[in-house]
Amino acid sequence: MDASLSTLTNCEKLSMSTNCIEKITNLNGLKNLKILSLGRNNIKSFNGLEAVANTLEELWISYNLIEKLKGIQFMKKLRVLYMSNNLVKEWGEFVRLADLPSLTDLVFVGNPLEEKHSAEGTWMDEASKRLPKLWKLDGTPVIKQEEDEADGEN
């Protein structure tokens with residue numbers, strides 16, 4: 001990711017998919033960035049995103065090589081995270097997403113963790129239990145048990 005990116009101070013959406021990018025760098029000058037698309041690259045970590053942590057609302061980072069979610073916790077405004085087809089295989093990593101207060105839409109399909117639990121039929125329940133603020137998981141609305149019970153009382 002070239003140093004000239006930092007000159008794009010008014011940029012709100014940046015798409016750099018399918019570029020063989022290995023590391024997220026040079027985002028410091030992007031003071032207005034809301035949507036960052038980095039799908040189909042060779043990115044292994046969220047390092048480098050701290051520079052846009054106060055503005056980024058959507059991160060599209062599917063089809064990369066991410067196994068660990070360290071660093072994602074800085075993204076306090078992140079509402080949408082599309083990170084399908086990465087390498088996350090442990091609940092211990094997945095629960096780091098609970099540190100994102102604004103996250104409501106997550107696509108996680110194609111990660112080893114999702115594939116294992118989908119095969120068992122437990123993915124939606126287990127994932128939404130760990131991330132109770134989600135509205136949508138893998139494109140499907142999350143039905144909250146409490147809401148169902150409240151509807152029955154009316």
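Helices (H or I, at least four residues) and strands (E, at least two) are DSSP runs, numbered from the N terminus. The structure is a predicted model, in which local features need pLDDT of at least 70 and side-chain atom pairs count only at pLDDT 80 or more, while totals for chains, interfaces and linings use all residues. Residues are numbered from 1 along each chain as its sequence is written, and side-chain values use heavy atoms, with hydrogens and water left out.

Two residues other than glycine were examined for backbone geometry. Thr18 lies in the loop that links strand E1 (13-15) to strand E2 (35-37). Its phi is positive, at about 55 degrees, although Thr18 is not a glycine. Thr18 is exposed, with a relative accessibility of 56%; the classes are buried (under 20% relative accessible area), exposed (over 50%) and partly exposed (in between), for a 1.4 Å probe and protein chains only. The loop between E1 and E2 also holds Asn26. Phi of Asn26 is likewise positive, near 60 degrees. Asn26 is partly exposed, at 31% relative accessible area. Most residues other than glycine have a negative phi.

The largest nonpolar core comprises 41 residues. Such a core is a set of buried Ala, Val, Leu, Ile, Met, Phe, Trp, Tyr and Cys residues joined through side-chain atoms within 4.5 Å. Those with the most contacts inside the core are Leu49, Ile61, Leu81, Met83, Phe94, Leu97 and Leu106. Helix H1 (91-94) and helix H3 (123-130) each contribute at least two residues to this core. Leu49 touches Ile24, Leu27, Leu36, Leu56, Leu59 and Met75, with residues up to four places away in sequence not counted. Contact here means heavy atoms within 4.5 Å.

Asn111 sits in the loop between strand E5 (105-107) and helix H2 (112-120). Asn111 is buried, at 0% relative accessibility. A polar atom of the Asn111 side chain lies 2.9 Å from the backbone oxygen of Met83. Met83 is also among the residues with the most contacts inside the largest nonpolar core. Neighbours within four places in sequence aside, Asn111 is in contact with Met83, Ser84, Asn85, Asn86, Leu87 and Val88.

A search of the whole structure finds zero disulfides, a disulfide being a pair of cysteine sulfur atoms within 2.5 Å. Cys11 is buried, with a relative accessible area of 17%. Cys20, by contrast, is exposed, at 60% relative accessibility.

Methods:
Polar contact = N/O pair within 3.5 Å; in protein donor to acceptor, adjacent residues only side chain to side chain.
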